[in-house]
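Subject: Structure for your review

Dear colleague,

Please find below the sequence and structure that I am handing over to you. My findings follow directly after it.

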Amino acid sequence: MSRGAAMGRRAQILALCGVLLCLCSSVGGCGRKGHGRALVLAGSTSVQPLAELIAEHYEVEHHGRPVNVQGGGSTAGVKAATDGAADIGMSSRKPKDEEKGLDAIAVAVDAVALIVNPANPITDLGREQVAGIYLGEITRWSDLGVEGLIGGRTDAITVVTREEGSGTRSAFEEGVMGKADISSRALVQDSTGTVRAIVASDPNAVGYISLGMVTNEVKAIAYNGVLPSEATVRTGAYALSRPFLFLTRGAPSPAAQDFIDYALGSEGQGLVAQAGCIPVGGEGE
Amino acid sequence: MRARRGEVAIERALLLLALSAVLMLGLIAVFIFLQGLPIMVKHGPGSFLFGTRWAPTKGGFGLLPMIASSVIVTLGAMVIAVPLGLSCAIFLSEIAPRRVANFVRPAIQLLAGIPSVVFGFIGILIVVPLIRNYLGGPGLSVLAATIILGIMVLPTLISIAEDAIEAVPRPYKEGAMALGCTHSQAIFGVMLPAARGGILAAVILAMGRAVGETMAVIMVIGNAAIVPQSPLDPARTLTSNIALEMGYAAGEHQQALFATGVVLFVFIMLLNSIATLRVVRGDRR
Amino acid sequence: MTRWINVEVRHRIVVVGLWSAAVTTLAVLALIIGIVLWNGVPMITWSFLLEGPKEMGRAGGIFPTIVGTVAVTLLAILVATPIGVGSAVYLTEYTSESPLTRVIRFGAECLAGIPSVIFGLFGFIFFVIQLKMGWSVMSGGLTLAVMILPTIMRTAEEAIKSVPESYREAGFSTGATRWQTVTQVVLPAALPGIVTGIVLGIGRGVGETAAVIFTAGSSLHVPTSVFSPARTMAVHFYILAREGLSMSHAYGTAAVLVILILAINVTANWLMLRFRAKST
């Protein structure tokens with residue numbers, strides 16, 4: 001390679017580097033708001049599977065508009081909607097007082113199911129008992145009337161909870177704990193899947209997940225005598241229910257509105273039922 | 001003349017590139033400190049470093065359980081990694097025949113390349129159930145994290161320690177053996193003490209790696225924000241604290257996470273400084 | 001006589017102990033790789049590699065994550081290599097040891113020791129929010145670039161340092177400027193070592209999760225530009241394993257990852273052997 005060519009090549013690499021650095025600092029905003037770019041949803045991991053299902057079908061119907069769904073938790077969804085990082089924030093709890101200022105549209109209703117290991121003979125727990133477990137006051141399955149060991153080496157209850165920003169946790173705390181704090185000895189997991197996996201593999205575990213995510217690896221028990229199902233949630237007999245919300249800051253953009261309309265339409269609500277959640281009861285709004 | 005001016009320009013450009021590493025480090029430090037220090041000052045660093053209640057949405061910012069867990073888990077990982085790793089390092093540099101060494105060394109590097117999430121996954125699959133079924137507790141525990149971390153830092157420790165041992169001048173060993181020492185007496189009596197600067201650097205760098213590990217730890221440690229009182233207790237490290245809550249933290253909560261980052265950052269810098277000084281001092285001999 | 005036997009016996013025991021340490025370490029490695037490959041390789045078919053995921057990853061393939069991994073890692077390498085090699089060139093060719101060089105090296109060492117979650121924190125606030133790049137290949141790639149920069153810098157420096165002085169002297173004696181000597185003589189000679197560093201950086205980048213998940217996002221679409229979000233294989237594996245959506249797919253993804261890392265490591269080692277052979 002001649003001298004000039006070698007120098008030129010080096011210079012080009014350096015120039016490229018400089019261009020790249022300039023690109024990132026100045027053009028950063030360009031990729032975001034534009035034409036034909038993807039719709040971004042972010043937030044609750046409970047809503048995520050439903051949103052992804054709707055997105056998958058939506059994309060087939062409306063060619064050319066990709067939809068990207070992120071997790072992060074309900075509070076992350078609120079934040080993303082507020083910051084503008086996402087077009088639609090997903091939340092599985094009602095917005096807190098300091099979070100007003102976002103438009104919330106309910107696309108589904110979901111129940112928070114209490115789950116135990118299938119080997120656990122318990123079928124029903126009252127509010128006092130659940131609160132006692134999660135406060136760390138009731139620590140043994142024998143205190144709840146279980147005879148002998150369920151399968152582990154002791155009968156100590158393994159308490160599993162979601163992380164603080166989770167909408168599922170908020171719904172649980174509102175319905176069960178009131179103002180009291182969940183014990184800091186509880187195992188904290190950051191997704192429905194891991195909560196379910198722990199309860200499925202540890203005979204002494206108890207946890208709570210979205211009803212739509214219950215599989216036969218775990219057993220959903222009755223709360224205050226009522227088993228969670230679409231019927232009991234609709235009548236209000238099952239107390240632990242919460243809305244799945246799509247949040248936007250102000251009026252949704254046309255693209256977002258289109259997606260929301262689809263979700264609320266008959267196809268979207270059919271998908272809601274398919275995902276194991278409860279349709280909002282209106283056929284399009 | 002023109003070539004000379006071109007040279008100066010090139011030198012300046014390269015200096016800029018070289019400073020970029022320091023610049024990035026400074027930028028990161030500034031960012032973390034800017035976000036994290038104000039809240040530490042506001043609530044007093046004492047309440048952060050020594051407080052025991054972590055409830056960031058309710059004003060509790062005590063990091064002591066996390067600091068304690070990070071320290072315990074790291075020390076535990078060292079208890080596993082140092083004997084095993086040092087033995088492997090000695091093995092590779094002194095005992096192994098050339099062909100065996102050429103096979104073992106890349107194998108250990110391969111261990112270094114495995115993503116941490118895979119380690120965490122294997123931890124959940126194998127280590128956690130073993131602990132739960134044979135030792136007790138929920139399985140997700142300090143012990144599980146210790147074992148996984150110990151394995152993860154092995155490659156770092158082995159390769160740096162091996163270099164340190166290789167660097168010991170041959171006359172040291174030959175002289176000892178000429179005086180009648182066995183091979184192992186020469187190793188333990190002469191070579192290891194001679195290499196101790198480098199070995200210490202290896203241990204410290206491995207410690208830094210252990211303190212900073214996030215994904216694998218989150219998956220196996222249970223994330224309960226308590227001070228662990230036995231290896232079978234769940235716990236939460238500084239890094240898992242950040243990763244667990246980062247996606248959704250807002251306002252003071254977010255600043256509190258940055259404060260956690262500050263503590264981590266300072267700790268790692270200290271460790272690295274000690275290691276670097278050690279290596280430099282070792283080199284000078 | 002007895003004392004001599006005792007000492008010899010002790011030596012034997014030590015040797016056995018050291019061999020066991022090595023065997024244990026290898027056994028652990030074999031166990032991990034074995035489990036992943038045993039469960040994952042059956043999943044690897046052409047459709048798995050070339051199709052997109054269906055039902056959130058429960059079915060279908062992992063093609064978008066492969067593209068995502070390549071995109072993010074490639075960007076990281078493209079940014080980190082000129083900076084790393086340039087810095088190494090400066091440190092070795094243009095200055096001698098001074099407080100400045102020590103500061104630069106110290107900076108690089110510390111950068112290397114920072115936990116990946118802090119990079120994630122930084123990248124999220126700086127690239128995703130502040131610079132408004134959003135969750136994108138760009139955010140992830142730049143964050144990753146900062147993470148692998150020390151690796152490339154260090155290996156490049158080692159490689160350049162081991163080029164014999166005689167090469168440089170030959171260059172100068174023909175009247176070449178320092179820059180010309182560096183680019184025409186030294187760098188080509190140090191190339192295998194530099195490439196090793198790049199390959200090691202790639203290896204680190206491919207396996208990285210914490211820094212990437214907070215910056216590149218977790219979209220399941222094939223990224224169409226550097227500003228699209230992307231999901232890398234490591235992130236995909238984490239999400240699948242964590243959500244328990246499909247263990248077989250998780251294993252499959254992990255197997256592809258592990259095989260990729262294996263290939264990268266073998267390449268790096270082969271290059272290093274070539275490099276060592278060339279420079280002796």
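In this predicted model, helix 3 of chain B and helix 6 of chain B make a right-handed crossing. The two elements, residues 64-95 and residues 142-166 of chain B respectively, pack with their axes 6 Å apart and at an angle of about 40 degrees. Angles of 65 to 115 degrees count as roughly perpendicular and those under 35 degrees as roughly parallel; helix 3 of chain B and helix 6 of chain B are therefore oblique to each other. Sorted by class, the residues in the contact of helix 3 of chain B with helix 6 of chain B comprise 22 nonpolar, six polar and two charged.

One residue of helix 6 of chain B deserves a separate note, namely A164(B). A residue counts as buried if 20 or more other C-beta atoms lie within 10 Å of its own; A164(B) has 24 and is therefore buried. Beyond its neighbours within four places in sequence, A164(B) is in contact with A195(B), G198(B), I199(B) and A202(B). A178(B) lies 14 residues from A164(B) in sequence, and the C-alpha to C-alpha separation of A164(B) and A178(B) is 22 Å.

I turn next to the contact between chains B and C. Chain B contributes 58 residues to this contact and chain C contributes 67 residues. On the side of chain B that touches chain C, helix 1 (residues 2-43) of chain B supplies the largest share, 17 residues. That side of chain B has 41 nonpolar, 15 polar and two charged residues.

With kind regards

Methods. Residues are numbered from 1 along each chain as its sequence is written. Chains are lettered from A and ligands numbered from 1 in the order in which they are written. This is a predicted model: local features need pLDDT of at least 70, side-chain atom pairs count only at pLDDT 80 or more; totals for chains, interfaces and linings use all residues. Axes are lines fitted to C-alpha atoms, for helices over the stretch in contact, and angles run from 0 to 180 degrees between N-to-C directions. Helices (H or I, at least four residues) and strands (E, at least two) are DSSP runs, numbered from the N terminus. Angles under 35 degrees count as roughly parallel, over 145 as roughly antiparallel, 65 to 115 as roughly perpendicular and the rest as oblique. A crossing is left-handed if the near helix is turned anticlockwise from the far one by less than a right angle, and right-handed if clockwise. Ala, Val, Leu, Ile, Met, Phe, Trp, Tyr, Cys and Pro count as nonpolar, Asp, Glu, Lys and Arg as charged, and the others, Gly among them, as polar. A residue is buried if 20 or more other C-beta atoms lie within 10 Å of its own, exposed if 12 or fewer, and partly exposed in between; C-beta atoms are placed from the backbone. Two residues are in contact if their C-beta atoms, placed from the backbone, lie within 7 Å.
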